[in-house]
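Thanks for coming, everyone. Please have the sequence and the 3D view open while I talk.

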Amino acid sequence: MSRAIAAGLVGLAVLVAPASPLRADPTPPDGIFAPTVEIERLQSFDRAGKAGTRFGALEWLGGLVIRSPSPHFGGLSGIATANHGRDLLMISDVGFWLSARLDSDAAGRPLGLSGIRMASVVEQGRRLLDKRDADAESLAVRPAPGGFEAIVGFETRHRILRFPFAVFPTGALTAVGERLNGIPGETATLAYGKGLESLAAAPPGSPIAGAIVAIAEGPRRNETDSLGWIIGGPKPGRFAVALSNDFMPTDAAFLPGGDLLVLERRFTVADSLGARIRRFAAAEIVPGARLEGRILFQADLSDEIDNMEGLAVDTAEDGATILTLISDDNRSILQRTLLLRFRLLPE
C-alpha cells in the first residue's frame, strides 16, 4: 500500500474508535495540578518529508505530539494564545483548562512545552465533572476590565459562558463561568453534536469590534449552510457559512485587520480525514450575509493532521501572523494530540 492509503486506513480506524474511555475517570484534584506530559517534535508536515515548508498560503513552522498518562488529559477542543504565541490556554471537552508555555527558537519553531498546568472548569461555583455539562468545544479570549475574559461555547447542553480572570493564561484556571449576555435563543436548539464549535472575538480593527462571532459545526435539518451569529458589538445578527466538499467548521479566529479565519474538518469514507482553513473578508461579516470565502490551506492524512479542532492567531515579534492549531484526540489511544504552528504568508 502507498503511504497515503495506509495513513487513510489508520485514519478510518481512528475515527471509529471509542470517543472516550468506557471506565469512569477518577475524580480530578481539587484545584490546579501538573500532569506528566511527554513531547515529541514532528520533523515535517508532509509525512513523506518531501514537500518543503509551504502549504497553500501557510509556511510550516513545526509541530508537537503531546502525550500524557493522566486520565484527565486529552479532548482539547479550543485554544487561545498571547505573548507572540508563546503563552497557551486550552480547554477540553471533558471539563478541563490547560495552560502552558510554548518553547520555541528564534524562527518561531516549536521545541516543547513547559509550565503545564490543568484545572477543572467551574460554572457558578460547581466543577463540571459530567460530560453533558463539560462538553466545551470552542474558546475565545479578549481583554476585559481587570484583565481578560475567556468565552467558551458548549454543546450537548448548548450555552456560552464567560470566565473573567486577571492574568493570561494561568488566571483562567481558577475563573468561574457565568452566562454570556445577548446569546440568541435559537443557539439552544442546535442539533446534538452540532453545537457552537467555533468562537472568535472581533479585534479593534474589525467593523464589528467588540463582538463575539459564533458558528455552528453543521447545518440544521433540511438546511445546507452552517449558521453563525454576531453577538454584541455594533452589528449583531445572524449570518450563514456556505459549506462545501463535506467540510464542517471546527473553530475560528480573527486576523488583526478584521478578516476571519475558519478551521474546518472533513471525515468521509471516500476521502478519509481532512483539514482546511478558509478566509472571510472583514466587510462581508454582517447580518444576513452568506459567507463563502477562499481556501488558504488544505491537508489530508498524507500530512501530519488528526482531528483538528482549535485555532488561534497571534503576531510574532517580527510582525508576522502566526497560526496555532490543536487537535482533539477524543481520548482514544488511536489518535494524537497535535499542536501545529504555521506562519501566514504575505498576499
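Let's start with a pair of residues. Arg 265 stands opposite Ala 275, which sits in strand S20. A reminder before we go on: this is a predicted model.

So which strands does that pair belong to? They are S19, residues 260-268, and S20, residues 272-280. The two run antiparallel, and nine bridges join them.

Now zoom out. S19 and S20 are part of an open sheet of four strands. Read the order as S18-S19-S20-S22. The pairing is antiparallel. Which strands are at the edges? Strand S18 (248-254) and strand S22 (294-300). Each of them pairs on one side only. From one strand to the next, the twist averages 20 degrees.

One general point while we look at strands. In a regular strand, side chains alternate between the two faces of the sheet.

Let's walk across it. S14 pairs with strand S15, residues 212-215. That pairing is antiparallel, over four bridges. Find Ala 200: its bridge partner in S15 is Val 213.

Move on to strand S16, residues 226-231, and strand S17, residues 237-241. They are antiparallel as well, with five bridges. Here Ser 226 stands opposite Val 241 in S17. S16 and S17 form a hairpin, with five residues between the strands. Look for Gly 232 in that hairpin: its phi is positive, near 80 degrees.

Then comes the other sense of pairing. S17 and S21 are parallel, over two bridges. Ala 240 has Arg 290 in S21 as its bridge partner.

Last stop: Asp 93. Where is it? In the loop between strand S5 (87-92) and strand S6 (96-104). Is Asp 93 buried or exposed? The cut-off for buried is under 20% relative accessible area. Asp 93 has 8%, so it counts as buried. What does Asp 93 touch, leaving out residues up to four places away in sequence? Its contacts include Gly 75, Ser 77 and Lys 131. Ala 134, Asp 135, Ala 136 and Glu 137 are also among them, and so is Asp 328.

That's my tour. Over to you.

Methods:
Residues numbered from 1 in each chain as written. Predicted model: local features only at pLDDT ≥ 70, side-chain atom pairs only at ≥ 80, totals over all residues. Heavy atoms only, no water. Buried < 20%, exposed > 50% of the residue type's maximum accessible area, 1.4 Å probe, protein only. Contact = heavy atoms within 4.5 Å. Pairing = 2+ DSSP bridges. Axes fitted to C-alpha atoms, helices over the stretch in contact; angles between N-to-C directions.
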